[in-house]
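Please read these notes with the model open beside them.

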Amino acid sequence: MAHWIRFEHQGQTGFGVLEHGSIKLHSGDIFGGAQPTGAVVSLAEVRVLTPTQPSKMVALWNNFHALAAKLGNPEPPEPLYFLKGNNSFLAHGETIRVPASYSGKVVYEGELGVVIGRRCKAVAEADAPACIFGYTCINDVTAAEILNKDATFAQWSRAKSFDTFGVFGPVIATGLDPSALVVKTILNEQERQSYPVADMIFSPARLLSLISRDMTLEPGDVIACGTSVGVGSMKPGSKVSIVIEGIGELSNRYE
């Protein structure tokens, strides 16, 4: 297992493997042919960036049995998803901002993220694990009152794509069994979500397979697997952390 991290240090962007607070620098392409340089830098000396620069983030709705049951929603026969705008992407440690054009409720959604490792189109489910580079933490921030504000048009893109609303990182963990993971959300030191990834309606491999039939997925793209029970609102001044043991902790303030 490795924890890959992307960062800025002394004006330069780099990437490497994070181990015990130190980053072992690599050169080349994180998704193929990455080579250790032998150099090491302390995590404390760098600014953490999003672990990839995705061409898109595909995000799921209604993908957990427990939440579907709580909301009284039927379990979907195929993945229900939307895209988050690239402008929304935000790294660990950066600030989630209150939108200037919206004053309603803003909610956190702790999720597992699947990071694509190779270009894939119409991939069979059996071949999908080979297309997954690793896993990351996601906070799918949402302007909740916009979603159904207009009775004629559900505004998923707008509600989910304000600047700073697509939070993910801080690392990509490789070599994990996603079905053994638990997603937790901590708001102001209080646990608000704790749910097993095994409760997913569509597993990461099945999601990748089905979504890749609709659109080509590129290296670095991210699938946000959806959330489960415990979603709630954030008030300005809050600290929110998405914690997945085996991956890490994605922490940000909301101001």
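Predicted model: local features only at pLDDT ≥ 70, side-chain atom pairs only at ≥ 80, totals over all residues.

1. Ala, Val, Leu, Ile, Met, Phe, Trp, Tyr, Cys and Pro count as nonpolar, Asp, Glu, Lys and Arg as charged, and the others, Gly among them, as polar. By these classes, the lining of the largest pocket holds 11 nonpolar, 6 polar and 5 charged residues.

2. Residues are numbered from 1 along each chain as its sequence is written, and side-chain values use heavy atoms, with hydrogens and water left out.

3. The largest pocket has a volume of about 310 Å³. A pocket here is an open set of points on a 1 Å grid over the protein atoms alone, where a 1.4 Å probe fits, with protein on both sides within 12 Å along at least five of seven lines; lining residues have an atom within 4 Å of a point. The volume is the space filled by probe spheres set on the points, which are joined across faces, edges and corners. Of the 22 lining residues, Trp61, Leu67, Leu71, Glu109 and Val231 lie nearest the centre.

4. Which elements each supply at least two residues of the lining of the largest pocket? They are β6 (57-61), α1 (65-71) and α2, and α1 gives the largest share, 3 residues. Helices (H or I, at least four residues) and strands (E, at least two) are DSSP runs, numbered from the N terminus.

5. The second largest pocket has a volume of about 170 Å³. Its lining has 7 nonpolar, 3 polar and 1 charged residues; among them are His3, Leu43, His92, Pro170 and Glu249. At least two lining residues come from each of β1 (2-9), β14 (166-174) and β20 (248-254).

6. Next, the aromatic rings. Rings of Phe, Tyr and Trp (its six-membered ring) pair if their centres lie within 6.5 Å; planes under 30 degrees apart count as stacked, over 60 as edge-to-face and the rest as tilted. By this rule there are 9 aromatic pairs. One of them is edge-to-face: Phe31 and Phe133, 5.1 Å centre to centre with 80° between the planes. Phe31 sits in the loop between β3 (22-29) and β4 (32-42) and Phe133 in strand β12 (residues 132-140), 102 residues apart. Ring pairs also join Trp4 and Phe15 with Phe31 and Phe133 in a cluster.

7. Phe82 and Trp156 form a stacked pair, 5.2 Å centre to centre, with 25° between the planes. Phe82 lies in strand β7 (residues 80-84) and Trp156 in helix α2 (residues 156-160), so the pair ties together parts 74 residues apart in sequence. Are these two buried or partly exposed? Buried means under 20% relative accessible area, exposed over 50%, and partly exposed in between (1.4 Å probe, protein chains only). Phe82 is buried, at 8%, and Trp156 is partly exposed, at 25%.

8. Two residues have a positive phi although neither is a glycine. Thr164, with phi of about 80°, is in the loop between α2 and β14 and is buried at 12% relative accessibility. Asn188, with phi of about 50°, is in the loop between β15 (182-187) and β16 (190-196) and is partly exposed at 40%.
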